[in-house]
Amino acid sequence: MTTTLHLSEKTLADIARNIAKYPPEQKQSAVMASLIAAQTEVGWVSPEVIETVADILGMPTIAVEEVATFYNMYDTKPVGKYKLVICTNLPCQLTHGETAANHLKETLGIGFNETTPCGTFTLKEGECMGACGDSPVMLVNNKRMCSFMSKEKIDALLNELRAEGKAV
């Protein structure tokens with residue numbers, strides 16, 4: 001038996017706001033938004049997050065787990081402070097996507113699905129992000145799209161994120 005997680009009032013209010021968008025008998029429709037809210041607070045979708053969201057929404061735990069494991073925007077394993085997802089689909093590959101991916105691997109000293117020893121960066125490969133004209137593209141923490149990622153732009157982004165991480 002896992003224990004439910006105590007989420008902050010802010011996260012619970014965010015979940016409640018999303019639940020209110022649906023009729024009471026369909027509050028499970030807020031499962032995706034609820035998982036995002038909890039992941040934003042906790043850093044990943046742990047088994048405790050899944051159980052807590054299931055309790056809040058009155059859903060079977062397995063139903064919430066199915067959503068969390070189906071979509072790649074949910075991290076079901078711990079990730080670094082910054083999750084970097086680089087598109088590896090054909091349009092990005094044709095415009096130096098592989099070069100960008102290799103530069104990230106070499107610079108960070110990790111491969112795909114790995115986290116730097118300091119816990120700052122996790123590198124993942126992603127499917128099409130719908131910005132083929134801006135390739136190669138990267139997504140930072142599922143929220144920030146970065147376009148035309150040359151080696152220089154990657155280095156500048158990593159330096160920016162490192163500086164931001166130290167300021168926290």
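1. Ile50, Glu51, Val53 and Ala54 of H3 meet Thr61, Val64, Glu65 and Ala68 of H4. A contact here is a pair of heavy atoms within 4.5 Å, and helices (H or I, at least four residues) and strands (E, at least two) are DSSP runs numbered from the N terminus. The residues of this contact comprise five nonpolar, one polar and two charged; Ala, Val, Leu, Ile, Met, Phe, Trp, Tyr, Cys and Pro count as nonpolar, Asp, Glu, Lys and Arg as charged, and the others, Gly among them, as polar.

2. The model is predicted: local features need pLDDT of at least 70 and side-chain atom pairs count only at pLDDT 80 or more, while totals for chains, interfaces and linings use all residues. Residues are numbered from 1 along each chain as its sequence is written, and side-chain values use heavy atoms, with hydrogens and water left out.

3. How do H3 and H4 pack? Their axes lie 8 Å apart, at an angle of about 120°. Axes are lines fitted to C-alpha atoms, for helices over the stretch in contact, and angles run from 0 to 180 degrees between N-to-C directions. H3 is therefore oblique to H4, since angles under 35 degrees count as roughly parallel, over 145 as roughly antiparallel, 65 to 115 as roughly perpendicular and the rest as oblique.

4. The largest nonpolar core has 20 residues, of which Val31, Leu35, Val45, Val53, Leu57 and Val64 touch the most other members. Such a core is a set of buried Ala, Val, Leu, Ile, Met, Phe, Trp, Tyr and Cys residues joined through side-chain atoms within 4.5 Å. Buried means under 20% relative accessible area, exposed over 50%, and partly exposed in between (1.4 Å probe, protein chains only). Helices H1 (9–19), H2 (31–42), H3 (47–57) and H4 (61–70) each give two or more residues to this core, and H3 supplies the largest share, five residues.

5. Leaving aside neighbours within four places in sequence, Val64 is in contact with Val31, Leu35, Ile50, Val53, Ala54 and Met59. Apart from this core lies another, of 19 residues, including Ala101, Ile110, Ile154 and Leu161.

6. Thr122 belongs to strand S3 (residues 121–126) and counts as buried, at 2% relative accessibility. Beyond its neighbours within four places in sequence, Thr122 is in contact with Val79, Gly80, Tyr82, Lys83, Leu84, Glu114 and Thr115.

7. Overall, the protein has seven helices and five strands. Buried residues make up 39% of its 168 residues.
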